[in-house]
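Take a first look at the structure below. Keep the sequence at hand while reading.

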Amino acid sequence: MTIHTLEHELINEISKFDTKSIGFVPTMGALHQGHLSLIEKASTENTVVIVSIFINPIQFNNPNDLANYPSTLEADLELIQKTNSNCIVFHPNAVDLYKNRKTNKKYSFDGIEKQMEGKFRANHFNGVATVVELLFEITRASKAYFGEKDYQQLAIIKKLVSKKNIPTKVIGCPIVREENGLAMSSRNTKLSQNARNEASIIFKTLQKIKTQFKDSNFSELKKIVSDQFQNASNFTLEYFEICNETTLSSHQRKQKNIKYRAFIAVYIENVRLIDNISLN
Ligand code: AMP
């Protein structure tokens, strides 16, 4: 494993490898098994894996959220080392990375950016697309790995690549969960043990929706979710949506031959958690 904080040093090291076999896993650090699953998959499919660890300030709409975002570089490096993969870690600082570059780009992703996270986190996807486009340009990766945990982000990156003709294949990877079903997230470390246990309700609710999907209409399904979280007083439900899995447009009723996915965002102990599940 090698570590670079400077872009030109990273580029220099990458130049030793065949660009056809460079895997890339962008992260914001505070790594857990979800991130490691991406690194392990990338490692089986490429000669070298670039892992970026960068808390991207321009994708945070809430300054407190940015200030409180966990940062555990030493532990992250140990975890990467333990995967036994051939990794290059890129850990830039924001001033260097964005020097002489535009940080207020506006993207259009055929409406995907306006749904769910886009409604509640102004500018979030502009910040995500800016950093990912830049990192794709720097790493020149042949394949990049993203978790379905952030399904809307994955859809946005697929659009970015197709709209800008970027020669990187975007690969979605399944959600890794805690034993109680809670989707692994760096933000989980901000929760008390009690909240972490209680947060199993998120996935249980999604599973219930999946089970009842065939025999219920969308308002019935939405009512199940709102009742569930009204009874769980420590939680605040931000949104629950049933969307077309490809366009991510929100639907009010079932149509034939469409693949649906349910998406949820909740707060507990001031920590924002998101999750999703495919329904059919
Ligand atoms: P983050 O560090 O939260 O920006 O996440 C970096 C990458 O890891 C993104 O592609 C996430 O979707 C992915 N990821 C985060 N949590 C999980 C998880 N529980 N399972 C699978 N992938 C994940």
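This is a predicted model: local features need pLDDT of at least 70, side-chain atom pairs count only at pLDDT 80 or more; totals for chains, interfaces and linings use all residues.

Residues are numbered from 1 along each chain as its sequence is written, and side-chain values use heavy atoms, with hydrogens and water left out.

Six strands form an open sheet in the order 1-4-3-2-5-6, with parallel pairing. Strands (E, at least two residues) and helices (H or I, at least four residues) are DSSP runs, numbered from the N terminus. Two strands pair if DSSP finds at least two bridges between them. Strand 1 (2-4) and strand 6 (169-173) stand at the edges; each has a single partner strand, so one side of each lacks a neighbour in the sheet. On average, neighbouring strands of this sheet are turned by 25° against each other, direction ignored. Axes here are lines fitted to C-alpha atoms, for helices over the stretch in contact, and angles run from 0 to 180 degrees between N-to-C directions.

Look inside the sheet. Six bridges join strand 2 (residues 22-27) to strand 3 (residues 48-53) in the parallel sense. I22 has V48 of strand 3 as its bridge partner. Helix 7 (residues 124-139) packs on the sheet and touches strand 2, strand 3, strand 4 (87-90) and strand 5 (143-147). The direction of helix 7 makes about 150° with that of strand 2.

Now turn to helix 4 (residues 73-82). Its buried residues (under 20% relative accessible area, with exposed over 50% and partly exposed in between, for a 1.4 Å probe and protein chains only) are D76, L77 and I80. Down the helix axis they fall within an arc of 95°, so they line one face of helix 4. That arc is taken from the directions from the helix axis to the C-beta atoms. On the other side, E74, E78 and K82 are exposed. The cover over the buried residues includes strand 1, helix 2 (33-45), strand 3 and strand 4.

Aromatic rings come next. Rings of Phe, Tyr and Trp (its six-membered ring) pair if their centres lie within 6.5 Å; planes under 30 degrees apart count as stacked, over 60 as edge-to-face and the rest as tilted. The whole structure has 11 aromatic pairs. Y107 and F109 are stacked, at 5.5 Å centre to centre and 10° between the planes. For F136 and F146, the centres are 6.4 Å apart and the planes stand at 75°, so this pair is edge-to-face. F136 lies in helix 7 and F146 in strand 5. F24, F136 and F146 form one aromatic cluster.

Finish at strand 7 (residues 235-244). Seven of its 10 residues are buried, so strand 7 is largely enclosed by the rest of the structure. Nine bridges join strand 7 to strand 8 (residues 260-268), and the two run antiparallel. F235 has I268 of strand 8 as its bridge partner.

Key:
Contact means heavy atoms within 4.5 Å.
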